[in-house]
Amino acid sequence: MTGPAVHSGSISSLGPLLSREGRRDPNPFYAQLHRQGPVCVLTDPATRFDVVVHGYDAVHAALRDPALHVITGEYRDQGGTRWREHLSLRVLADSMFLTEGERHTTARRRFAHAFSARRVAALEPAVDRIVARRLDRLAAAAELAERSSGTAAELAERSSGTAGAGGAPVDLLAEFALPIPSDVVGELLGVPEADRDWFPPRVRAFGAILDLGAGVWRHQKAADTAAAELTAYFADLLAARRADPRDDLVSALVTAEDDPADDAELIANLLTTYNGGFVTTTHLVGNGARLLLDDPAEKARVLADPARLDDFLQEVLRYEPPVHFGTRFAAADTEIAGTPVPEGSRVLVLLGAANRDPSRFTDPDTFDPGRAEGPPLSFGAGVHYCLGAVLSKMEGRIALPALLRRFPDLALAGDPGERTTLMLRGYESLPVRVS
Ligand code: HEM
């Protein structure tokens, strides 16, 4: 790969990004990186990466560079094979997220047809139903919270039908933004409705090991347990659909006689697709709801105009991306924006920083759905570009207006707390009053 010579900067380590302050708000660190050009070399040999890519064009090019590969199992083995003792890491390594070449293309092709624009459009009535059901549950949770928070006199007043509707706080994340994407992936894959509430805690435990920083090891045991339970569940589901196929993705996968896949590969991809489609979209909905609740004028515009809703969602993805980074290694010598990247280099690709690149987005730290400056890089680019991009935007397009219409007086009811993760970044809870 060749390109115009661009001076890269250098920083010592990722310490400032991985500090409590950096995790709470990584954007000042990103701004510091942008002042050094589109790429920085890391000088501290103890750092897990050699190069950080953060400029918009450089990130786009790096994700499309055939010499830069995801962190495959074979690459990890070069540093020792003990990681293979962990089921969650083996499952990830067997999935399309962490494979390259023919193995990746084949796995992706098997799943891709389920994510075509036509198949996603066909899911719309199911998403409408899922959202309506979760709105009912949110109303019921609010009712329950209000009853249990009232004094005896207030409760008596309410039951006589004269109470005001101040409302006790409920958690919008737990009741709405978390279950909807989980139910939608369940629907897509063909997980029976009765089993769907079983998934969120396990899929979240599995996803906790995906973040950056030494602290992720403390989640390893829980992730392995979750991986074991999810693997057993999907093995049973594959067997059930093989015996009795339905109109769902799992059935299509196990009955594809012209394109047979082994169960370990299918299970790895089902599990990681569930994970990839779940908490990411939760945070699109949660971060989007928070931004709308802070801005009544924007809320009115979004409700009045579907085109504005699309621009709003795109700006949420730019400004508050649920995934801030991807990781790669150089399988051959290459260069990024003029910076040589020798074979074997470990590369941190900062999608979150690319979205705040001032050479691409005017006033990048301002939230502005009217900016019309092209798409952010929140779904990645190149051969690993997100398979669920269309689906997750459809979920946001249905869920947010439905929420605002059902509860016109929806308001924040407390501090949502700090966000501390860079992968699957969003709030732990979002307290709201629905009336
Ligand atoms: C707002 C929501 C979402 C965001 C921000 C997001 C983000 C991403 C990103 C950044 C990648 C590329 C990772 C890399 O290059 O290393 C990716 C890949 C992927 N995503 Fe998403 N995603 C979202 C929703 C979904 C949904 C709803 C699904 C499926 C139900 C999904 C399934 C996948 C899959 C299967 C891949 C792997 C593709 C491959 O490696 O070839 N994602 N996603």
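Trainee: How many cavities of 30 Å³ or more does the structure hold?
Mentor: A cavity is a set of points on a 1 Å grid over the protein atoms alone, where a 1.4 Å probe fits but cannot get out. Points join across faces, edges and corners, and the volume is the space filled by probe spheres set on them. This structure holds one cavity of 30 Å³ or more. The volume of the largest cavity is about 30 Å³. Keep in mind that this is a predicted model: local features need pLDDT of at least 70, side-chain atom pairs count only at pLDDT 80 or more, and totals for chains, interfaces and linings use all residues. Residues are numbered from 1 along each chain as its sequence is written, and side-chain values use heavy atoms, with hydrogens and water left out.

Trainee: Which residues line the largest cavity?
Mentor: Lining residues have an atom within 4 Å of a point. Here they are Ile71, Thr72, Gly73, Arg76, Trp83, Leu89, Leu92, Ala93 and Leu98. Six are nonpolar, two polar and one charged. In this count Ala, Val, Leu, Ile, Met, Phe, Trp, Tyr, Cys and Pro are nonpolar, Asp, Glu, Lys and Arg are charged, and the others, Gly among them, are polar.

Trainee: Which helix gives the largest share of that lining?
Mentor: Helices are DSSP runs of H or I with at least four residues, strands are runs of E with at least two, and both are numbered from the N terminus. Helix 6 gives the largest share, three residues. Helix 5 (73-77) and helix 6 (87-94) each supply at least two.

Trainee: Now the ligand. What does the protein donate to its iron atom?
Mentor: Donors are N, O and S atoms within 2.8 Å of the metal (3.2 Å for Na, K and Ca); water is not among the atoms, so sites may look incomplete. The iron atom has a single protein donor, SG of Cys386, 2.3 Å away. Cys386 sits in the loop between helix 18 (351-354) and helix 19 (389-406).

Trainee: Last topic, sheets. In what order do the six strands lie?
Mentor: Strands of a sheet pair through backbone hydrogen bonds, either parallel or antiparallel. Two strands count as paired if DSSP finds at least two bridges between them. The six strands form an open sheet in the order 1-2-3-9-6-4, with mixed pairing. Strand 1 and strand 4 (68-69) are the edges, each pairing on one side only. Strand 1 (residues 9-11) runs parallel to strand 2 (residues 39-42), joined by three bridges. Gly9 faces Cys40 across that pair. Strand 2 is antiparallel to strand 3 (residues 51-53), also over three bridges. There Val39 stands opposite Val53.

Trainee: What is the order in the sheet of three strands?
Mentor: That open sheet is ordered 5-11-10, with antiparallel pairing. Its edges are strand 5 (170-171) and strand 10 (411-412), each pairing on one side only. Two bridges join strand 10 to strand 11 (residues 431-433). Ala411 has Arg433 as its bridge partner.

Conventions. 1 Å grid on protein atoms, 1.4 Å probe; cavity = no way out; pocket = protein on both sides within 12 Å on 5 of 7 lines; lining within 4 Å.
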